[in-house]
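Student: Could you walk me through this structure, please? I am new to it and would like to see how its parts meet.

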2 protein chains.
Amino acid sequence: MAAAQRMVVIGANAAGMSAASQARRLKGAGDLEIVALERGGHTSYSACGIPYWIGGDVTDAGDLIARTPEQHRERDIELRLHTEVTELDPDRGRVRVRGSDPASETWLGFDHLVLATGARPLRPPLPGIDAPGVHGVQTLDDGRALLDDLEKTETARPADAPRRAVVIGAGYIGVEMAEALIRRGYRVTVLDRAEQPMTTLDPDMGRLVHEAMCRMGIETVTGATVTAVAADRDGRARAVVTEDAEHEADVVVLGLGVRPETGLARAAGLPLGDSGGLLTDLAMRVRGRENIWAGGDCAEVLDLVSGRTRHIALGTHANKHGQVIGTNIGGGYATFPGVVGTAVSKVCDLEIARTGLLESQAASAGLRFVTVTVESSSRAGYYPGAAPMHVKMLAEHRTGRLLGVQIVGREGAGKRVDIAAVALTAGMTVEQMTSLDLGYAPPFSPLWDPVLVAARKAAAQVRRAGTH
Amino acid sequence: MAAAQRMVVIGANAAGMSAASQARRLKGAGDLEIVALERGGHTSYSACGIPYWIGGDVTDAGDLIARTPEQHRERDIELRLHTEVTELDPDRGRVRVRGSDPASETWLGFDHLVLATGARPLRPPLPGIDAPGVHGVQTLDDGRALLDDLEKTETARPADAPRRAVVIGAGYIGVEMAEALIRRGYRVTVLDRAEQPMTTLDPDMGRLVHEAMCRMGIETVTGATVTAVAADRDGRARAVVTEDAEHEADVVVLGLGVRPETGLARAAGLPLGDSGGLLTDLAMRVRGRENIWAGGDCAEVLDLVSGRTRHIALGTHANKHGQVIGTNIGGGYATFPGVVGTAVSKVCDLEIARTGLLESQAASAGLRFVTVTVESSSRAGYYPGAAPMHVKMLAEHRTGRLLGVQIVGREGAGKRVDIAAVALTAGMTVEQMTSLDLGYAPPFSPLWDPVLVAARKAAAQVRRAGTH
């Protein structure tokens with residue numbers, strides 16, 4: 001009998017542990033040894049759930065953990081926590097590992113290496129940015145630290161004194177954290193350099209989010225360039241300073257997005273894309289490497305609409321990547337064909353969704369397109385709870401191919417983007433979309449679903465522009 | 001200048017008035033005279049909204065009217081209410097019209113005829129079925145009559161006496177009416193001949209609806225063959241009699257579904273399908289007729305999954321048909337490619353959806369298939385309000401092509417069927433569906449959307465069955 005092969009996984013979260021679990025499903029311990037190396041102390045948790053933990057919707061951090069270290073170990077996955085990899089040696093098939101004793105480093109050989117090193121939050125090199133009271137929200141430990149700090153603040157202050165929080169960055173994490181802090185009773189200010197919050201939307205749609213945030217009592221300052229975090233006498237953050245103003249804060253949260261954590265890969269000469277993420281083939285092998293795989297937030301993904309690779313940190317992609325990698329290492333066959341750029345978020349009762357390309361992305365992909373925006377309703381107009389829903393649609397000039405959809409509305413708005421996500425994947429034209437057989441009943445939709453209304457308008461626009 | 005052509009529309013509701021409006025958008029009154037003939041007194045109303053009017057969610061019937069007769073007339077559409085067509089003469093291009101004076105009938109010539117005669121509710125020829133207190137809910141006038149009757153019942157009875165309603169038929173209308181009557185404080189019994197309610201679902205999924213209806217306090221008697229409606233001394237319905245029991249009722253509602261209203265078309269020799277609906281080409285012309293069009297509940301539609309025509313009475317199809325017909329008569333070009341059989345409904349907080357084929361439909365279309373059923377969750381498990389969601393999926397043997405999806409769950413379940421509706425339209429395989437880029441965030445979905453969970457399981461099933 002042949003000796004077991006060894007699969008080494010770096011990063012024991014979504015992509016890494018999905019890969020490990022799936023490989024284990026397909027191959028027993030006698031055929032495949034699996035070693036997972038994790039810098040932190042947790043496995044397989046939902047980083048996307050952290051805002052809801054902070055906001056109090058989730059009371060136990062344990063609920064965010066899909067699988068504990070023990071559960072992985074029970075399935076014959078050797079898991080080494082608080083273990084850092086300090087060097088990759090792809091050519092000799094080994095990685096250098098530093099355990100709890102920083103002095104002792106050893107080489108660990110692999111037959112298959114899975115890079116699932118995730119992403120790190122952006123932390124601009126500003127004065128005071130590392131002061132106590134300034135928090136990232138990328139890991140469970142970050143969440144714990146923030147929560148402890150909030151509880152301390154809340155205990156220390158008299159109940160009637162206003163609690164103030166500043167969130168730097170008005171992207172997904174930023175707005176979700178704004179909601180969380182509002183729910184804890186904070187006066188929240190969100191600062192963003194851009195013209196509108198949610199730069200994952202076009203500015204006209206971002207403006208709708210801006211207006212809604214104002215109505216929710218979230219002060220949203222756009223065009224704000226943060227220059228420093230000011231500290232009090234004890235060195236603790238007390239205000240965020242911009243070019244124009246100083247925003248006092250009991251607590252500061254960083255919501256500036258993330259970058260792929262690929263320092264090791266870069267040092268080892270592995271191929272990285274424009275965003276610094278690992279480049280893979282469709283089977284999730286690192287390009288040009290037979291036995292090195294990468295997935296999750298450290299990898300770039302193929303955008304099926306623009307034809308380019310992009311960096312999109314999203315747990316749902318990470319899990320799919322892990323599934324594909326584990327299947328392939330386990331001797332099966334699977335591919336990850338790419339993404340269409342779907343994302344959905346909410347801030348209080350506002351739902352925000354997008355898929356495909358923004359105007360700026362379409363232009364930079366060399367596409368010529370028409371855009372339409374419609375205001376429709378989440379339900380039949382006469383049905384209680386019907387709320388306005390704004391849908392923006394981009395379609396390619398001449399071909400009429402759907403290029404992107406953005407939706408801002410209340411209940412029922414967010415997941416409607418899935419209609420467009422599937423249509424994008426299938427390469428449908430907006431004309432084809434006008435006859436889609438979508439679910440209709442008064443509690444669920446007007447007679448013409450808002451997505452169909454937009455498709456009709458876009459198709460008409462394509463026809464009108466068709467002669468040029 | 002050529003004399004204006006005349007477009008005659010029979011039936012001034014969804015399909016008919018959409019066609020009239022769209023034709024008018026494209027051609028002015030000087031080019032096209034439009035005459036719409038309506039047997040009743042209302043135009044362009046939402047029949048699907050009637051249960052919500054009865055239930056009190058909609059207080060003003062006027063809210064169900066999208067466009068009044070006056071609004072149509074303002075747009076140069078000649079509308080004749082309370083006007084019945086008694087005969088079609090396709091070869092001579094004319095229809096026989098009876099106005100308010102039943103003695104005087106006249107012929108009205110047409111260049112284009114639009115048949116939008118709708119559907120009539122099934123009313124089995126049982127003793128007592130026409131007694132006062134037995135109500136259909138197809139038209140606005142039906143709704144008015146039922147509501148008057150309910151209000152009279154409620155006024156006549158002491159407040160503490162139980163009010164009892166029996167609904168015959170547990171399809172969409174039946175369950176929606178059950179909810180409406182529960183909301184008015186009635187004890188509701190729903191009777192259905194079938195093994196489970198909602199025969200638009202497979203029996204295993206219908207059982208979930210059955211169980212949920214029981215929990216809502218709706219008595220649901222399946223396998224019940226109604227033999228008569230028993231009347232009191234005044235001749236008013238007092239109970240529904242089945243082979244096994246007698247169910248007392250202050251009011252009886254018929255929810256047995258509808259059949260196409262195509263008596264005139266049949267008499268005129270126009271082509272009808274197996275369900276008695278008019279057969280059209282893709283431009284919605286009645287087959288073999290250059291200038292006769294049909295749409296809405298009186299027409300059959302092509303089922304893109306089975307390749308057969310079916311009768312599906314649904315406002316959303318009717319509006320699309322009207323749009324297509326009006327565009328073509330107006331000199332444009334449009335087609336209605338067909339449906340995939342999507343339907344969505346709710347009873348209290350239970351959402352029920354389906355698209356594509358049931359097991360029985362797939363088998364009778366000659367297809368061999370695998371089925372899977374999964375129980376997943378509407379949101380990330382840790383997010384408040386996460387509720388179980390059952391998804392059943394059918395995929396074709398060998399090819400793995402998606403054939404159908406049924407979903408039963410709470411909030412967020414119903415419109416998820418749109419994902420499958422688009423995938424069916426695009427001819428996707430369940431394997432392709434496993435990598436769909438659907439919207440993910442904890443308030444909206446688990447990491448793997450329930451539809452993806454079902455697709456993964458179905459794809460595995462197709463692979464396993466693939467060698468046979």
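**Where the chains meet**

Tutor: Lys415(A) and Asp449(B) join their side chains in a salt bridge, with N and O 2.6 Å apart; the term stands for a side-chain nitrogen of Lys or Arg within 4 Å of a carboxyl oxygen of Asp or Glu. This is a predicted model, in which local features need pLDDT of at least 70 and side-chain atom pairs count only at pLDDT 80 or more, while totals for chains, interfaces and linings use all residues. Residues are numbered from 1 along each chain as its sequence is written, chains are lettered from A and ligands numbered from 1 in the order in which they are written, and side-chain values use heavy atoms, with hydrogens and water left out.

Student: How many salt bridges does the rule find across the interface of chain A and chain B?

Tutor: It finds two across that interface.

Student: And which elements of chain A give two or more residues to the side that touches chain B?

Tutor: They are helix H8 (315-329), strand S21 (343-347), helix H10 (417-425) and helix H12 (450-465) of chain A, where helices (H or I, at least four residues) and strands (E, at least two) are DSSP runs numbered from the N terminus.

Student: How many residues are in contact?

Tutor: On chain A 56 residues are in contact with 57 residues of chain B, contact meaning heavy atoms within 4.5 Å.

Student: What area do the two chains bury between them?

Tutor: Chain A and chain B bury about 4,800 Å², with 66% of it on carbon and sulfur atoms; buried area is the accessible area (1.4 Å probe) that two parts lose on being put together, summed over both. Tyr382(A), Asp437(A) and Phe444(A) supply 17% of what chain A buries against chain B, more than any other three residues.

Student: What does UniProt list for residues 345-445 of chain A?

Tutor: Its unreviewed entry gives "domain: Pyridine nucleotide-disulphide oxidoreductase dimerisation" for them, and such annotations may be inferred rather than shown by experiment. The span is 19% helix and 36% strand, and its end C-alpha atoms lie 20 Å apart.
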